[in-house]
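Subject: Structure handover

Hello,

Here is the structure I said I would pass on. My notes follow below it.

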Amino acid sequence: MSPDIERPGNIERHDYDVVVIGAGGAGLRAAIEARAQGKRTAIISKSLFGKAHTVMAEGGCAAAMGNVNSNDSWMVHYRDTMRGGKFLNNWRMAELHAREAPDRVWELETYGALFDRTPDGRISQRNFGGHTYPRLAHVGDRTGLELIRTLQQKIVSLQQEDYRETGDYDSNIRVFHECTITDLFVSEGRVAGAFAYYRGTGDFVRFDAPAVVLATGGVGKSYQVTSNSWEYTGDGHALALRAGATLINMEFLQFHPTGMVWPPSVKGILVTESVRGDGGVLRNSEGKRFMFDYIPDVFKEQYATSEEEGDRWYADQENNRRPPELLPRDEVARAINSEVKAGRGSPHGGVFLDIASRLKPDEIQKRLPSMYHQFKELADVDITQEAMEVGPTCHYVMGGVEVDPDTAMSKVPGLFSAGECSGGMHGSNRLGGNSLSDLLVFGRRAGAGAAAYVDGLGGVRAAVAIDDVTEAQKRALLPFSSATEGGENPFVVHLELQKTMNDLVGIIRKADEMELALKALQDIAVRARTVSVAGRREFNPGWHLALDLRNMLLVSLCVAKAALERRESRGGHTRDDYPVMDSDWRHVLLVLSALGEDNVNLVRQEQLPMRPELFDLFELDELKNYYTGEELGGHRADASGSDKGDKL
Amino acid sequence: MSYDARFRVWRGDDEKGELVDYPVEVNEGEVVLDIIHRLQQTQAQDLAVRWNCKAGKCGSCSAEINGRPRLMCMTRMSTFTETETITVTPLRTFPVIRDLVTDVSFNYTKAREIPSFAPPPDLAPGDYRMAQVDVERSQEFRKCIECFLCQDICHVVRDHEENKESFAGPRYLMRIAELDMHPLDVADRQKEAQEEHGLGMCNITKCCTEVCPEHIKITDNALIPLKERVVDRKYDPLVWLGSKIFKRPGA
């Protein structure tokens, strides 16, 4: 290796109380909280500040404020969330989420957010799939941008406060732009710091800190057709595994039903669910609104059975049931998949999403400006005049780091996780709109948890082992040394990984295909270890991808292994060979831990039973669809309800 | 439907660099960013480019395409002829880090100099009441994806490094306008816009509006109204000049 690549000498070092990895909604909210609790906080951003994937969220932020329908409450939101996740959710997380979301949204207004308003001047709320009442605070169809900008500007305002006091904007909270963490340091069984490189210079940097919050988002870049950006390489998931933490629910991936399918270069880019919330309908090549044929039994009571009733619902939600286009995302994605497979798809292999015949052109432009813009500029389609072509796209991973619901801490002391990269909150399937609220609720909790943990240490911090730093440095430079040994192009290996996951562990899964996938992943792992990169360390995308590959691979293994293990279909996990939801699997969590560099270990773990007063929020008849007979013993409607205490 | 296009891409760093010619395959429906990615995958693995969402929402992939500031992800190849040479260069107003990636820290520095939202001190969270019609003005400016194309094109700083110190640029003058028009903001911002952030240096040529990928009417809806508010308090030679030049005979 040339001296320019190796750059011997001391590496930059920073000391912080809390290091937040990720500058999306969860990371920024965590950092705001940690700073509010008096902790010196670093925010590590893989991209520029304010570009995080949160900007892609379109529809809104779910919070039971009851501004549009006063019947809404945290309990209704809680029920919807559990139903959406097919009762596999960590119920405590779902409870905290439903209870705290309204406060988190109102707080954003004090930071300067400008949501759309109701006629009486409060925050307006819109309908969305799986939500009983209009619940999503929104700004047109660019809610994620509003969220990220608001949090970004709040951080700037905190920096301005610090500047007035200390003369240094960065004294208590600093953003490290375009900086990627490649390793976490663990000493004496707890977090000690993290290792990173700057994209721009290729220089290494080390952060010494007793608490680290992972807020790195999802894993979609392991798939070919995805709505996720290049950053979504499962960094937090992989860092957590390597640090000794566990992942849960990794078999559950959400394929958003409506991604663009044409032109090829934009395949996978999201078409917001608001199109359907605002009246858009799905049709097959025969012009039929096919979703009426796909209402599953567990949802029969809540959805319209005729087009007339469905259409009346938009104006009168009290007396009509909602149209089946607004079923939870997993149901709609599977239905589209089936229509295309049956030969009733659109010309480019999707189905038609029609808003043009449902709303007036100016109304469409006002309610869905980004969608109008996106189709006009990327596909040359005018959505006020013609139908969009849409199909499923890999959108969100329900699985993630196993954390304590209240403090967001993982199994590793000092390691916290929030947002998409933590698991449990959404169970087997996330409702639209529950992601932005998840970021805020658990971002804040992770920041508070990290601050409390640091306080509890009483100043005693684990020291980073110097050998670990040397090791991290060597590992990061490996792709350059492989260059002299003729390793493969990382882009080629990445494409193969994406194709493997897309084809063999996609929306519909089969045992033999997943076994093939696991074999293929082993082969790809060997090749990924020796990918080689040319050029220098300054802003070298080939090098960055080579390092990201390591994470994508480990996470893909988790997805494939857990998906093979779970022999039922539930939410974001559909088995062709086990097509039915099985109550005996509802209470089982598949827990993954790292086994060496690129292998993972899987164990089954029982889900904790729901607290009785939460359990009683549901009717027994509904619970019967999900629970085994013996689990229902504690319900209020059950005569033998005397064993309630066991539920705690 | 595919053909070979001629791409000319700027390669180098802050000290030296050159335009390099690449013949490269183009398929139906592709955008400029797709072609840059193809170059990375096939011919120039270390070609540096900044991008994220590839859907025109994050504002990362800003560059100059045939001399015009644009988002690479929103520039369709079908807007060029098959024989045309397509030249892609980094944003001119900011220092180059490498290839198409520039150091945009100027913008983050300016962002920190604009005083933040000042809420009414006694208003509790949850009690905010604003009419839709009143929030819409600021909402237009909050569509900004911070691609910095307006900052790049603005002639006040484009070829005038010396003005960077005293001029916040269209994006951040618009941020002041946004806060000034926020129905509940209590800070007084107009004097500072003029004296600290260089509002007076803008002579409303509307270049910023023209390049905005979000089609925000930066000049008409943010900068001119802000200038009008300021002029009540402070004499602005440009507004004065404008009022003389554009005054209709007999008006």
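Which residues does A:Val18 touch, not counting residues up to four places away in sequence? They are A:Ala34, A:Lys39, A:Thr41, A:Ala209, A:Ala211, A:Val213, A:Ala450, A:Ala451 and A:Val454. Two residues are in contact if their C-beta atoms, placed from the backbone, lie within 7 Å.

Before the rest, a note on the source. This is a predicted model, in which local features need pLDDT of at least 70, side-chain atom pairs count only at pLDDT 80 or more, and totals for chains, interfaces and linings use all residues. Residues are numbered from 1 along each chain as its sequence is written, while chains are lettered from A and ligands numbered from 1 in the order in which they are written.

Chain A overall

Chain A has 19 helices and 22 strands. Both are DSSP runs numbered from the N terminus: helices are H or I with at least four residues, and strands are E with at least two. Chain A has a radius of gyration (taken over C-alpha atoms) of 24 Å, close to the 26 Å that the globule rule gives for 648 residues, so it is as compact as a globular protein of that length. That rule is 2.2 Å times the number of residues to the power 0.38. Along the principal axes, the C-alpha atoms of chain A fill a box of roughly 75 × 50 × 50 Å. Of the 648 residues of chain A, 60% count as buried. A residue is buried if 20 or more other C-beta atoms lie within 10 Å of its own, exposed if 12 or fewer, and partly exposed in between, with C-beta atoms placed from the backbone.

The core

The largest nonpolar core holds 266 residues, and A:Val18 is among those with the most contacts inside it, as are A:Phe416 and B:Leu173. Helix H16 (residues 541–565) of chain A gives the most to this core, with 16 residues. Such a core is a set of buried Ala, Val, Leu, Ile, Met, Phe, Trp, Tyr and Cys residues joined through C-beta atoms within 7 Å.

Where the chains meet

The contact takes 52 residues from chain A and 44 residues from chain B. On the side of chain A that touches chain B, helix H5 (143–166) gives the most, with 8 residues.

Paired strands

Strand E21 (residues 588–594) of chain A runs antiparallel to strand E22 (residues 600–606) of chain A, and 7 bridges join them. Strands pair if DSSP finds at least two bridges between them. A:Leu590 has A:Arg604 in E22(A) as its bridge partner. The two strands form a hairpin with 5 residues between them, and A:Gly596 in the turn has a positive phi of about 75°. E21(A) also pairs with strand E12 (residues 247–248) of chain A, in the antiparallel sense over 2 bridges. There, A:Leu247 stands opposite A:Leu592.

Most residues other than glycine have a negative phi, and most peptide bonds are trans. A:Lys86 is not a glycine, yet its phi is positive, about 55°. A:Lys86 is buried, with 24 other C-beta atoms within 10 Å. B:Asn66 also is not a glycine and has a positive phi, near 50°. B:Asn66 is partly exposed, with 14 other C-beta atoms within 10 Å. A cis peptide bond joins A:Trp262 and A:Pro263, with omega about -5°. A:Pro263 lies in the loop between strand E13 (253–260) and helix H7 (274–277) of chain A.

Regards
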